[in-house]
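Colleague: I have a model here and would like to talk it through. Can we go step by step?

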Amino acid sequence: MTHTLHRLGTEEERQQDFVVLIMPSKCINVEGSGPKVKIFLEKASNVGAVNVGSLRLGHIYRHTLAELLEKIQDRNSTCTATFNSRESVAAFLKELKEADLGISIVVCGVDGETRDICEEVGLKPHTVNHSLGVWGKTDKLPDGRHLMLSMMCGHGMVSFNLVKKAVEDVKKGKDPVKAAKFLAQPCHCALYNVPLAAKVLKELAEEELQNS
């Protein structure tokens with residue numbers, strides 16, 4: 001899915017940011033997909049996903065995993081899982097291969113890294129999409145760190161002003177993890193990587209305090 005392509009960060013941070021999506025195809029395998037997607041979410045949670053859910057159902061920072069699983073049906077079964085380590089996403093893909101759910105799986109991360117992970121677990125990518133970056137009047141955009149926190153939501157639901165507020169809250173003493181969970185709220189499709197966002201918020205707040 002192309003809405004996960006434009007995630008930003010340093011090389012080290014990109015090693016802490018992976019998204020895996022399961023998407024049944026209408027008129028092909030959507031019927032009966034609900035129970036299989038439940039397996040996807042359960043396995044993701046078991047191996048350490050930092051966020052799971054879907055656009056229609058919400059995510060684990062709004063609902064419990066049990067509540068999400070209860071809502072899964074064939075008609076709303078496109079779901080995502082976000083990971084903050086190479087090891088956890090590799091373990092997840094290995095389990096998905098063994099489960100053989102028969103539904104399309106998309107993995108988002110740095111291209112070379114995701115290819116290596118797929119090779120390690122015995123998977124061969126079918127198609128690869130690349131981000132060509134952001135074009136246009138980029139001088140009107142916020143700096144890269146604020147932009148990173150906004151673009152972590154592929155549907156653009158985390159505004160730049162919301163990011164600025166979260167940074168200000170951390171500067172005033174708010175726990176960076178709580179501030180990151182605040183940013184995750186409007187990102188309904190479960191793409192928001194809260195541990196990574198908390199790290200960046202803490203760094204931004206410290207930098208702004210030092211420069212003030």
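Colleague: Is Cys 189 buried or exposed?
Modeller: This is a predicted model, where local features need pLDDT of at least 70, side-chain atom pairs count only at pLDDT 80 or more, and totals for chains, interfaces and linings use all residues. Residues are numbered from 1 along each chain as its sequence is written, and side-chain values use heavy atoms, with hydrogens and water left out. Buried means under 20% relative accessible area, exposed over 50%, and partly exposed in between, with a 1.4 Å probe and protein chains only. Cys 189 has a relative accessible area of 4%, so the residue is buried.

Colleague: How far is the sulfur of Cys 79 from the closest cysteine sulfur?
Modeller: Cys 79 is buried, at 1% relative accessibility. The closest cysteine sulfur is in Cys 189. That is too far for a bond, because the distance is 11 Å.

Colleague: How many disulfides does the count come to?
Modeller: The sulfurs of Cys 189 and Cys 187 are too far apart for a bond. The sulfur of Cys 79 is also too far from its closest partner. By the rule, the count of disulfides comes to zero.

Colleague: On to the rings. How many aromatic pairs are there?
Modeller: A pair of aromatic rings is described by the distance of the centres and the angle of the planes. Rings of Phe, Tyr and Trp (its six-membered ring) pair if their centres lie within 6.5 Å; planes under 30 degrees apart count as stacked, over 60 as edge-to-face and the rest as tilted. By this rule, the aromatic pairs come to two.

Colleague: What kind of pair do Phe 40 and Phe 92 form?
Modeller: Their ring centres are 5.1 Å apart. Their planes stand at 70 degrees, so the pair is edge-to-face.

Colleague: Which helices does that pair tie together?
Modeller: Helices (H or I, at least four residues) and strands (E, at least two) are DSSP runs, numbered from the N terminus. The pair of Phe 40 and Phe 92 ties together parts 52 residues apart in sequence. Phe 40 lies in residues 33-46 and Phe 92 in residues 86-99, so the helices are H2 and H4.

Colleague: What kind of pair do Phe 83 and Phe 92 form?
Modeller: The centres of these rings are 5.2 Å apart. Phe 83 is buried, with a relative accessible area of 0%. Phe 92 is buried as well, at 0% relative accessibility. The planes of the two rings are at 35 degrees, so the pair is tilted.

Colleague: Which residues do the ring pairs link into a cluster?
Modeller: Phe 40 pairs with Phe 92. Phe 83 also pairs with Phe 92. Linked this way, the cluster holds Phe 40, Phe 83 and Phe 92.

Colleague: Is Glu 87 buried or exposed?
Modeller: Glu 87 is found in helix H4. Its relative accessibility is 60%, so Glu 87 counts as exposed.

Colleague: How many helices and strands does the protein chain have?
Modeller: Along the sequence, the pattern runs α-β-α-β-β-α-β-α-β-α-α-α-α-α. The count is nine helices and five strands.

Note on methods: Disulfide = S-S within 2.5 Å.
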